[in-house]
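Subject: Structure for you to look at

Hello,

Please find the structure below.

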Amino acid sequence: MSEAEKPASPYLSDLDRDGFVVIKAIVGGDRLEELRAVSSKATELARGGGWPHVRTVGKQFPPWDASAVREHGIWGVQHLMNPALPGHEGFTELYFSEAILGIVKQLLQCGDEHLIMELFNMLVRPETDFELRWHRDDIPAEAMPQEEMERLGEPAYHAQYNFALWDDDSLVVVPGSHKRPRTDTERNADPLEKTLPGQLVVKLEPGDIVFYNNNILHRGVYSSRKERMTLHGSVGHVSGSSLRARNVLQHGVGSWVDDCAFGLLKEGEKQRAEEMRRRLVQLGSKSGQVGYSHQG
């Protein structure tokens, strides 16, 4: 796509400057209620041990052990588009919708032919309070400033987002930190430090979506006293190749992606989804064993 053909975006400058951008009310009304209903059923199934693909309280990064659900509870439900999950059709429809992917194409400055299917999970209310430590998703905490800058200087080649079905103030970011190494204060802070200089709590209302660079310095603060069902997704760009492989494939999506069901999608969206899946399968076949970005 030439420079002249790239879609104009009112959001890209905010994402480039701050590392995140909030877009108000992309879904509302009956569609929001439908998503709440299917998300509630998926959460209940996972809490009861009926869905093994979960994020368990006390463990921040993959892999998670489903046998720990009874003792520790969950803070996330994985693989919303897996055809074995009841209600997967509604999640799949949203993930591949123009409401989401139209924004993604603006942020990545690309067309349909560049998009790769990645992840779609859900972050939920834990049964006990749980906080994530400060981190960048694909840069280890042990990285020195030079390594941080080398990694941060690479194009993102993805669009990652949180889409709130209820009021959500769980994401805490340090704006602009996606463009620089950590300061001495940030590097020496306790991983569960409550506040860092310049931090901002991202506040979402139902139907709002926040896109953010996954290597912005951020953490999550999850209250057991407040309902939460926030759909957490990412979409890749073909130019990301091996740079995105580990971040995506470490979650185990490759075990079911071939069976993902697109039958209820609109015709144009169905063709786009098929091509996005094909590119993910191709990425997996090239990448082999990818390991994990973090431990713990």
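**Salt bridges**

Glu34 and Arg31 join their side chains in a salt bridge, at 3.4 Å from N to O. The term means a side-chain nitrogen of Lys or Arg within 4 Å of a carboxyl oxygen of Asp or Glu. Before the rest, two notes on the source. This is a predicted model, in which local features need pLDDT of at least 70 and side-chain atom pairs count only at pLDDT 80 or more, while totals for chains, interfaces and linings use all residues. Residues are numbered from 1 along each chain as its sequence is written, and side-chain values use heavy atoms, with hydrogens and water left out.

Both Glu34 and Arg31 belong to helix α2 (residues 29-47), where they are 3 residues apart, about one turn of the helix. Helices (H or I, at least four residues) and strands (E, at least two) are DSSP runs, numbered from the N terminus. An α-helix has 3.6 residues a turn, so residues three or four places apart point the same way.

Glu34 is partly exposed at 44% relative accessibility, and Arg31 is partly exposed at 23%. Here buried means under 20% relative accessible area, exposed means over 50%, and partly exposed is in between (1.4 Å probe, protein chains only).

Arg31 also has a salt bridge to the side chain of Glu93, at 3.7 Å from N to O. Glu93 is in helix α4 (residues 88-95) and Arg31 in helix α2, so this pair ties together parts that are 62 residues apart in sequence. Glu93 is partly exposed, with a relative accessible area of 34%.

Glu148 lies in helix α6 and Arg136 in the loop between β5 and α6, so the pair ties together parts 12 residues apart in sequence.

A network of salt bridges links Glu98, Lys105, Asp112 and Arg272. The count of salt bridges comes to 25.

**Aromatic rings**

There are 9 aromatic pairs in the structure. Rings of Phe, Tyr and Trp (its six-membered ring) pair if their centres lie within 6.5 Å; planes under 30 degrees apart count as stacked, over 60 as edge-to-face and the rest as tilted.

Trp75 and Phe130 have ring centres 5.6 Å apart and planes at 50°, so this pair is tilted. Trp75 is in strand β3 (residues 74-77) and Phe130 in strand β5 (residues 130-131), 55 residues apart, and the pair links distant parts of the chain. Trp75 is buried at 1% relative accessibility, and Phe130 is buried with a relative accessible area of 10%.

Phe130 pairs with Tyr222 too: the centres are 6.5 Å apart and the planes at 45°, so that pair is also tilted. Tyr222 lies in strand β10 (residues 218-222) and Phe130 in β5, so the pair ties together parts 92 residues apart in sequence. Tyr222 is buried, as is Phe130.

Ring pairs also connect Tyr95, Phe96, Phe120, Tyr161, Phe211 and Phe262 into a cluster.

**The sheet**

Strands β5 and β10 come up again here. An open sheet is formed by 4 strands in the order β5-β10-β7-β8, with antiparallel pairing. Two strands pair if DSSP finds at least two bridges between them. β5 and β8 (200-204) are the edge strands, each pairing on one side only. Between β7 (residues 168-173) and β10 there are 3 bridges, in the antiparallel sense. Leu171 has Gly220 in β10 as its bridge partner.

**A helix and a histidine**

In helix α5 (residues 98-108), 9 of the 11 residues are buried, so the helix is largely enclosed by the rest of the structure.

Where is His135? His135 is in the loop between β5 and α6, and is buried, with a relative accessible area of 7%. The His135 side chain makes polar contacts with the side chains of Gln60 (3.1 Å) and Asp137 (3.1 Å). A polar contact is a pair of N or O atoms within 3.5 Å; within protein, one must be able to donate a hydrogen and the other to accept it, and residues adjacent in sequence count only if both atoms are side-chain atoms.

Regards
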